[in-house]
Each structure stands twice: as structure tokens, then as C-alpha cells.
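Please read it alongside the sequence and the structure shown here.

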Number of protein chains: 2
Amino acid sequence: MNAEIIAVGTELLLGQIVNTNAAFLSQQLATLGIDVYHQVVVGDNPTRLKEVIKIAEQRSDLLILTGGLGPTKDDLTKQVLAEHLNKELVLDSETMANITDYHKKMNRTMTENNRMQALVIEGAMVLKNPNGLAAGMFIKHNEQTYLLFPGPPHELKAMFVQEAKPILLSYADKEDVLMSRVMRFFGIGESRLVTLLDDLIETQTNPTLASYAGVNEVSVRLTANGRTETDCQKLLDDLEGKIQDRVGDYLYGYGEETRLVEVVGELIKKQQLTLTAAESLTGGAFQSMLTTTAGVSEYFEGGVVTYSNRIKEDILGVSKETIEQYGVVSAHCAIEMAQCVKNQFGTDIGVSFTGVAGPAELEGQKSGTVWIGYAFKDTVSYAKCFHFGKGRNSNREQAVLSALDMIRRELLGKPIEGKTYLKD
Amino acid sequence: MNAEIIAVGTELLLGQIVNTNAAFLSQQLATLGIDVYHQVVVGDNPTRLKEVIKIAEQRSDLLILTGGLGPTKDDLTKQVLAEHLNKELVLDSETMANITDYHKKMNRTMTENNRMQALVIEGAMVLKNPNGLAAGMFIKHNEQTYLLFPGPPHELKAMFVQEAKPILLSYADKEDVLMSRVMRFFGIGESRLVTLLDDLIETQTNPTLASYAGVNEVSVRLTANGRTETDCQKLLDDLEGKIQDRVGDYLYGYGEETRLVEVVGELIKKQQLTLTAAESLTGGAFQSMLTTTAGVSEYFEGGVVTYSNRIKEDILGVSKETIEQYGVVSAHCAIEMAQCVKNQFGTDIGVSFTGVAGPAELEGQKSGTVWIGYAFKDTVSYAKCFHFGKGRNSNREQAVLSALDMIRRELLGKPIEGKTYLKD
């Protein structure tokens with residue numbers, strides 16, 4: 001069975017609202033094993049809506065129409081579909097009672113428009129609306145199935161889950177289980193990742209394997225289909241093993257919503273360490289990122305933003321000589337910043353950021369040149385140079401994530417390339 | 001001219017991402033006077049994509065394809081369109097140079113897939129990608145116009161505004177001039193704003209008037225149609241006057257891309273002042289926001305993140321007695337933080353943030369309770385209490401923006417309600 005989602009509403013075509021209903025329904029249908037091959041948006045125009053329905057009938061088994069069931073003049077979805085299917089609109093007494101009841105409760109006068117909302121297409125199974133007045137509909141006609149939902153997301157969601165899903169479940173193949181696993185990577189581009197996984201992607205059948213480029217990171221989704229959860233888990237484990245062999249070094253976590261900062265925060269807490277930072281070009285973005293996670297106070301008490309040279313010297317205590325001799329875009333400055341802030345704030349780890357956010361050059365160095373310093377207790381201190389160079393804010397974001405990944409690798413004892421140490 | 005937006009990507013059909021590109025493009029096209037009658041989403045499937053293109057050609061003049069220009073095997077938009085139009089893919093040397101350059105800078109190995117990204121449809125005008133590697137395309141063929149954009153929203157947006165919009169503008173009806181003005185508001189919700197502008201919105205014809213709710217702010221777009229620019233300006237000025245009368249107090253700036261932080265930064269620079277901050281619950285987000293703008297070093301040299309009480313006392317110098325007597329979620333603490341950081345960093349203005357980010361309560365105060373402190377030279381110091389309470393990161397963002405708006409009002413001598421001063 002394949003489905004097509006048709007959203008009706010001029011406000012979507014004007015970009016006044018985003019079609020989150022399509023995403024919600026697509027997710028739900030995927031878990032039911034129903035393929036969605038097309039999503040369409042059309043305005044409140046009867047001719048164009050009818051054309052869209054005709055095209056959909058030629059390529060899809062299940063047509064899901066959203067929106068256009070309200071009480072205003074431009075709500076015409078059920079009218080157009082009824083005419084197209086050669087059916088009448090009939091009064092649904094339960095919906096009517098519901099509407100009357102609502103107006104009585106709210107002490108509002110009912111209008112003719114409200115009565116219109118109680119009309120349904122003859123022969124339809126009526127879907128109740130737990131959060132509103134417009135009724136939904138489930139219709140079988142010839143080879144096709146039609147589902148009609150109201151447009152407001154909270155009405156649609158509740159109606160789908162409570163009324164439509166049980167009906168669709170009875171259509172789904174009950175023998176199959178569908179399970180997904182998302183693996184998240186940092187420090188490798190999508191093109192390199194898919195090149196390294198090329199044959200796995202090419203020969204994929206079950207599990208399927210797809211890559212997604214996020215902002216400064218990549219994830220892959222493995223989806224297995226099997227008789228039982230155990231079967232699915234085994235299929236996912238096998239494929240994950242192959243992926244780990246090739247790009248496991250870049251894997252930092254699992255799951256749709258997991259962020260690098262959370263993974264690193266958990267590691268720091270687990271090892272009972274504390275952390276601080278001195279930020280120049282990132283201007284507080286690293287510390288701000290840390291504090292987006294609840295419970296950060298277990299390992300982070302504060303830090304400093306040292307944007308100018310004066311503040312680096314006077315407040316943080318970087319020596320004037322270091323800045324004069326090596327400049328601020330240097331390993332020397334980064335390491336001294338990390339050490340100073342660690343000592344000042346009394347933590348185990350000190351991280352620092354210094355470099356050229358851009359757009360202008362600094363000390364003859366190109367925009368995107370960033371030194372990240374790392375100091376651990378009294379035992380380790382080094383810096384690493386990065387060349388980002390894709391615009392001021394992208395540089396800052398990449399610097400923050402690169403530092404998080406450096407800490408992750410340090411705490412897990414994983415290799416880090418390009419460390420610069422200073423001679424005594 | 002009417003347009004159809006075709007988004008290509010299986011991740012949309014699985015509901016893993018929401019089609020925000022369609023909303024963005026629709027908004028933009030509306031301002032250009034180009035009608036969008038259909039939006040379609042289709043997966044990474046060449047047969048179905050070709051069918052969708054054929055249907056679109058029968059009903060739309062301008063086909064806008066988004067997504068599927070990346071380096072992976074399932075990126076096939078330009079291949080399918082080239083085949084459909086009977087055209088070859090040819091190497092674009094400028095795009096190729098850009099890709100080579102990027103890999104050199106990032107010290108990453110280039111793959112055959114990356115080379116694929118430099119291929120464009122023969123005869124296409126190439127649209128540069130300010131935020132990524134994939135080139136866009138503008139193609140005229142027979143009666144149709146085709147625009148190809150990459151899928152990642154930040155790439156698509158920049159490419160549309162910088163590269164495609166100027167081309168489309170030249171297609172607009174040349175006898176008429178279309179001019180837009182975007183007014184940006186902070187501190188008022190969209191529903192209140194549209195209620196206050198209700199009659200202006202209801203009776204709109206020329207200029208048209210539409211409101212858009214952004215993250216923690218609202219904007220309205222006025223679009224006038226006239227014979228000359230002067231005619232349009234006059235229409236816009238008249239309507240703006242009416243809007244100013246009702247909600248002018250909340251207006252902070254103009255323009256599609258203008259941000260509150262930029263407006264405030266320019267004000268501070270103009271008055272030749274300097275600024276610093278001490279941040280507790282915002283954890284550096286305020287300073288990070290400041291430093292997203294280039295040229296910030298003219299008025300900002302650094303500041304401090306004082307997440308724990310120990311750091312507030314030991315590093316910033318807030319007195320132990322203040323914290324013991326009033327707690328950190330207090331006007332006393334906020335004012336002392338602002339004064340301390342101003343003195344320590346030697347600036348004209350000191351701003352501070354202390355409160356409850358959530359989700360847990362603090363000192364018996366609810367999540368979302370935030371005190372923002374303000375100290376100006378030796379003359380003014382006060383704090384203001386906010387109650388946000390809509391989730392940890394929303395609280396932080398609102399605190400940052402509210403502080404910016406406080407500074408803006410201070411520097412413009414506009415009224416600020418709810419100032420709390422301390423008695424000596």
C-alpha cells in the first residue's frame with residue numbers, strides 16, 4: 001500500500017505556515033509500513049484540488065487530505081471530494097450534537113457555517129475530533145481509500161492517533177516489525193562517509209541504510225524489517241559492526257536527538273572532572289553550548305570571554321611577552337589561555353579558543369584559522385590548529401564542536417592528530 | 001507567472017525533516033508577485049521524479065527543484081532533469097575550484113563524489129553557493145524556467161536571496177514597481193499585534209500587510225504596488241505611520257535579515273560606549289550573541305560566565321552576604337553582578353543575568369524567573385525581573401533578547417517598565 005498526502009490551504013502556498021502535518025503523517029505511516037511516495041500542497045481552489053486528486057488516484061492507493069474542513073467559505077475539501085466521487089453530503093447527527101453542545105457550553109450563537117461542519121460524505125466512516133468540531137472521514141471507493149483530516153495540527157494528531165491509526169493497523173502486515181537505529185558522526189564529511197560505506201549503501205536491502213548531513217555533522221539511519229524485535233536487533237547489530245569497522249573512529253553517539261555536547265557532558269561527569277574555558281573568537285559560544293544541557297553545574301562553574309588582548313592579559317593573565325612574540329593566533333597563546341583559566345577557576349580541564357573568526361584577517365592569518373588549547377591538571381597541555389574558513393558564524397560553530405570532540409577523544413583515550421606541544 | 005516547488009528527498013517522505021524550504025520559497029515568491037499554486041515532495045527515485053516534473057510542466061511556468069544536489073548516490077535531481085531535457089552534464093570550473101579549495105583548506109581527501117558536485121546542466125546559469133559546495137542552476141528551456149537549489153536550508157536561503165532573486169526580479173512586470181518594507185518588533189506577541197492592527201489587515205489592498213511570527217519576535221511585511229518607486233514609498237510611509245501610532249513602541253528595526261543584536265551594537269558604537277556582561281543562567285549566550293556580529297570589538301572586550309555561587313563570589317566579587325541574604329535569584333545579586341563586572345572590565349555598561357533556567361526550581365523560585373541587571377557608569381544601576389517559563393533554552397534566548405532590548409531602550413531614552421532600584 002502506498003500513500004499520498006494532500007494538504008489543502010492557500011496559507012501553505014503563501015508560506016505563512018509550514019506543513020508540519022505532512023511530516024507527522026509521514027512518520028506515522030512509516031512506522032505502519034505504509035510507503036509515502038508523494039506529498040502535495042494545493043490552495044483553496046476547487047478546480048486545482050480536483051486535478052490534484054485525479055493525479056493522486058493514478059499513482060497512490062491511499063489519499064490523505066488535510067485541511068479545508070473548517071467553517072469558512074474557503075473550506076471546500078469535502079465538497080470537492082464528494083462531487084468528484086459523485087456522492088452527497090449528509091448530516092452526521094453525532095457531530096451535529098457535538099457542535100450544538102459546544103456552542104451551548106461556550107454561550108455562543110451557532111451560525112449556518114457551523115451546521116456545515118456536521119456534513120460528511122455519504123458512506124464515510126466518521127472520525128471523531130477530540131480537539132475540535134470538524135469531523136474526519138474514512139472512505140473506501142473503488143480501488144482507493146481516502147482519509148480526511150482537519151488542518152490544525154493538534155486536531156489532526158489526536159484524530160490520527162485515536163481514530164485513524166487503529167483502522168490503518170488492520171491494513172498493515174501484522175507479521176512484520178520495523179526497527180531503526182541512528183548513528184551520529186563528527187569530523188567526517190558526508191561525501192567521505194558515503195564513499196567509505198559505498199558498497200554497503202549500494203547493496204542495501206534489509207536493513208536499509210541512509211545518510212543525512214546535519215549542521216557540521218553526519219548521521220546514518222539503519223532500518224531493519226523482521227519477524228521479531230530480536231531478528232531486527234540482530235540485523236542492525238550486524239550492519240553496525242561493518243560500519244564501525246570503517247568509520248567507527250568518528251562515531252560519537254546514537255539516536256535522533258543526541259547532541260555531541262550531551263555525550264561529552266556525560267563523559268566528564270562519569271570521570272568526575274570539572275571544566276572551564278577561556279574564549280576569544282567564540283565569544284562565549286562554547287560555554288553557552290555547555291549550559292544548554294541541564295545538570296551542567298556538576299562539572300562547569302564558569303569561565304571567561306577574553307575577546308581583546310587587554311582582557312587576555314589583565315583579566316586572564318596571559319603574559320604580554322607571549323602575545324608580543326607569537327601573537328594571539330598561536331599555539332603559545334592558546335596553551336597559556338587554557339592553563340591560566342584552569343588555574344584561575346580551579347578545575348581539572350581548561351579549554352581555550354583563539355583565532356580569526358573573520359571576515360577580516362588578523363595578524364596576517366586567514367579568517368577561519370583557529371587554535372584550540374587544552375590543559376589537563378598539571379600533566380598535559382597542547383594546542384591544535386584548525387582551518388575552517390566558511391564564514392564567521394560557521395567558523396565559531398565548528399570551533400565549538402571541534403573542542404567538544406577533542407575533549408571526547410581525550411577522555412576516551414582516542415587518538416588526536418596534529419597536537420602541538422611547547423618545548424620548555 | 002506561476003511557480004511550483006518540487007522538493008526532492010526521501011527524508012521528507014519519511015517525515016524525518018519538515019519542508020521549511022517550501023515555506024521560505026513561497027514567502028519570497030509572494031513578495032515578488034509570483035503565484036505558487038502547487039508544492040510537491042517526491043523521493044530520491046528517478047522514475048517518480050521525472051513523472052512529477054512532467055506533471056508540473058503542464059501546469060506551471062516556473063519549476064523550482066530543491067534538494068538532491070549533494071555528493072551521494074541518492075542525489076539525482078540534476079541528472080534526472082538533464083536527461084529529461086535531453087541535455088548533458090558539464091563541469092563548471094568555478095564550482096570545481098571552490099570544491100578543491102575547500103578540501104585543501106579542511107585538509108580532507110577529495111572523492112569522485114565531490115567532483116560530481118561540480119557538474120551542471122549544459123546551458124544553465126550557475127548560481128553560487130555562499131554556504132556550501134553544491135552549485136545551483138537557472139535554466140530556460142522552451143516555455144519553462146527551472147531553478148535548482150541545494151536542500152540544506154542555510155545554503156538554499158543564501159543562494160535564493162543573493163543569486164536567484166535578482167534574476168527573478170527582472171522577470172517581474174516591469175511597468176509596475178513592487179516594494180516591500182519589513183518592520184521588526186520585540187516585546188509583543190503576534191496575536192496581540194494582529195489584534196491591534198486588525199482593521200488595517202482586514203481592509204488591506206495596496207499595500208498588503210502580513211505578519212510573521214519569528215523566534216521570540218514578530219515582523220510585519222508591507223508590500224506596495226505602484227507606477228514609480230516614489231508612489232510605492234508614499235504608500236508604505238502612510239501605512240507605516242498608522243502602524244507606528246499603534247505599536248511603534250515595540251519597533252526595533254527594519255529589514256528581512258536585521259537582528260536586534262545588530263541594532264543595539266550600532267547604537268552602542270554610535271554613542272562610543274563599551275559593554276561587558278556577567279552571565280549565570282545564560283552561560284555565555286549573551287556574549288556569544290554579541291560576537292556573532294563583525295566589528296563587535298569596537299565596544300566589547302570580554303566578560304565572564306559565573307554559573308556557580310563560588311565563581312560569583314571568588315572571581316566576580318559579589319559579596320557573600322548578598323547571596324546569603326537575598327539569594328542569587330534576586331535584584332540585589334543581579335545589580336551587584338552588573339556593577340562588579342563593569343568595574344572589573346573597565347567599561348561604561350555592565351549587564352548581568354541570574355535566575356532559574358530550569359527545568360528544576362532554584363531558591364524556591366520557578367523555572368523561567370530571571371533577573372537582568374544593568375549598570376551604567378557610576379550613575380545608574382537597577383535590575384528587572386522577567387518570568388519566561390517556557391523551557392530551558394527558550395528561557396535563555398528570551399533573557400538574551402530582553403537584555404538587548406533593555407539596552408536599546410536605555411540608549412534611546414525610551415521607557416522601561418518594572419525597574420527595581422536598591423535603597424542605599
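Of the 424 residues in chain A, 55% are buried, where buried means under 20% relative accessible area with a 1.4 Å probe and protein chains only. The model is predicted, so local features need pLDDT of at least 70 and side-chain atom pairs pLDDT 80 or more, whereas totals for chains, interfaces and linings use all residues. Residues are numbered from 1 along each chain as written, chains are lettered from A and ligands numbered from 1 in written order, and side-chain values use heavy atoms, without hydrogens and water.

**Overall form**
- Chain A has 16 helices and 18 strands, taken as DSSP runs (helices H or I, at least four residues; strands E, at least two) numbered from the N terminus.
- Chain A is more spread out than a compact globule, because its radius of gyration is 29 Å, well over the 22 Å that the globule rule gives for 424 residues; the radius is taken over C-alpha atoms, and the rule is 2.2 Å times the number of residues to the power 0.38.
- The C-alpha trace of chain A spans about 90 × 50 × 40 Å along its principal axes.

**Surface**
- Carbon and sulfur atoms hold 48% of the accessible surface of chain A, which comes to about 18,300 Å² by the Shrake-Rupley method with a 1.4 Å probe.

- In chain A, β17 (residues 380–387) pairs with β18(A) in the antiparallel sense over two bridges, and Lys384(A) stands opposite Lys419(A) in β18(A).

Notes: Buried means under 20% relative accessible area, exposed over 50%, partly exposed in between (1.4 Å probe, protein chains only). Two strands pair if DSSP finds at least two bridges between them.
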